[in-house]
Amino acid sequence: MISIEPHELSTGKLHGYLLGAVSPRPICFASTVDSEGNVNLSPFSFFNVFSAKPPILVFSPARRGRDNTTKHTYENVLEVPEVVINIVSFEMVQQVSLSSTEYAKGVNEFTKAGFTELPSEMVKPPRVAEAPVQLECKVNDVIKLGTEGGAGNLVICEVVKLHIKEEILSEDGSIDPFKIDTVSRLGGNWYSRAKEGLFEVPKPLTTLGIGIDSLPEEIRKSKVLTGNDLGMLGNVENFPNSEEINTFINASEELKWLRDEGNSLEIHKKAQDLLCEGKIDDAWKVLLSKK
């Protein structure tokens, strides 16, 4: 066993150890607004429930370790002390990851990640319609834990209204863990699906994904591609060029046939198969191939 005092480690190394050890962690998908009404949506895994009466949730949008800047969510709750904490299910995890991209202030992550805004009833920030549970909260307090990069900011939230989709409930009215199908965070790119186990989602730390709103309409409205599929497609920074597309398609008789037939349903199914294998660039080449 190795024994280390925190001050002996860089912030990044310590952060990695803590996230790898204290896991899996539930995900707070927080929607907030600033004083001008601009909406922000971002996930945080420093999060849990701490009280039932009063119903208290706490999450922490920490200062960035690389440059000590603060996150828009933190800035927003100081201006408008309200938040909706949306619970993340597996079927929306890729879109949630896309929303963690560090878009400029004023960019609405609902739009970039392809989520639907649903008006709240007791607070200003909107709810995520796709989330299985949405918790409207007032912010009771914000506690700064430090001033250096990596320091947390505890946002203490009191739930003022719960919204629960009926389809995740069991016969006795309780939340069925298999039906809600929540996901949690571990260290690095690792997540855990409550009913199945570990999987990876590359975190967009240095990339600026084009967003689901920038996808061609035929792809956005696909009858085959899921929200997770669209989240993966929206996380690229650039489309492949025509030369890359043609080289890839012409190397396969199956892909040449799909291109020549022009059946969008079959093309989307093939792209989905590639996405399931993590081959996002290849999926784009199939989707953008033209006769």
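Which residues have the most contacts inside the largest nonpolar core? In this predicted model, numbered from 1 along each chain as its sequence is written, local features need pLDDT of at least 70 and side-chain atom pairs count only at pLDDT 80 or more, whereas totals for chains, interfaces and linings use all residues. Side-chain values use heavy atoms, with hydrogens and water left out.

The largest nonpolar core has 23 residues, and those with the most contacts inside it are Leu215, Ile219, Leu230, Leu233, Trp284 and Leu287. A nonpolar core is here a set of buried Ala, Val, Leu, Ile, Met, Phe, Trp, Tyr and Cys residues joined through side-chain atoms within 4.5 Å; buried means under 20% relative accessible area, exposed over 50%, and partly exposed in between (1.4 Å probe, protein chains only). At least two residues of this core come from each of helix H7 (227-233), helix H8 (242-250), helix H9 (253-261), helix H10 (264-276) and helix H11 (280-288). Helices (H or I, at least four residues) and strands (E, at least two) are DSSP runs numbered from the N terminus. Residues up to four places away in sequence not being counted, Leu233 touches Ile210, Leu215, Ile219, Leu225, Leu275, Ala283, Trp284 and Leu287, contact meaning heavy atoms within 4.5 Å. In soluble globular proteins, nonpolar side chains tend to be buried together.

H9 and H10 pack with their axes 9 Å apart, at an angle of about 145 degrees. Axes are lines fitted to C-alpha atoms, for helices over the stretch in contact, and angles run from 0 to 180 degrees between N-to-C directions. The crossing of H9 with H10 is left-handed, that is, the near helix is turned anticlockwise from the far one by less than a right angle (clockwise for right-handed). Glu254, Leu255 and Leu258 of H9 meet Glu266, Ile267 and Lys270 of H10. The residues of this contact comprise 3 nonpolar, no polar and 3 charged; Ala, Val, Leu, Ile, Met, Phe, Trp, Tyr, Cys and Pro count as nonpolar, Asp, Glu, Lys and Arg as charged, and the others, Gly among them, as polar.

An open sheet is formed by 4 strands in the order E1-E11-E12-E13, with antiparallel pairing. Its edge strands, E1 (25-26) and E13 (197-200), each pair on one side only. Two strands pair if DSSP finds at least two bridges between them. Strand E12 (residues 190-193) pairs with E13 over 4 bridges, and Ser192 has Leu198 in E13 as its bridge partner.

Strand E2 (residues 28-33) runs antiparallel to E3 and is joined to it by 6 bridges; Ala30 is partnered with Ser42 in E3. In this hairpin, which has 5 residues between the strands, Gly37 takes a positive phi near 90 degrees. Strand E3 (residues 39-44) is largely enclosed by the rest of the structure, because 6 of its 6 residues are buried. Val39, Leu41 and Pro43 point one way from E3, and Asn40, Ser42 and Phe44 the other way.

Cis peptide bonds join Ser23 to Pro24, with omega near -5 degrees, and Lys53 to Pro54, with omega about 5 degrees. Pro24 is found in the loop between helix H1 (11-21) and E1, and Pro54 in the loop between strand E4 (47-52) and strand E5 (55-59). Asn68, not a glycine, has a positive phi of about 65 degrees and is partly exposed at 28% relative accessibility. Asp181 also has a positive phi, near 50 degrees, but is buried, with a relative accessible area of 9%.
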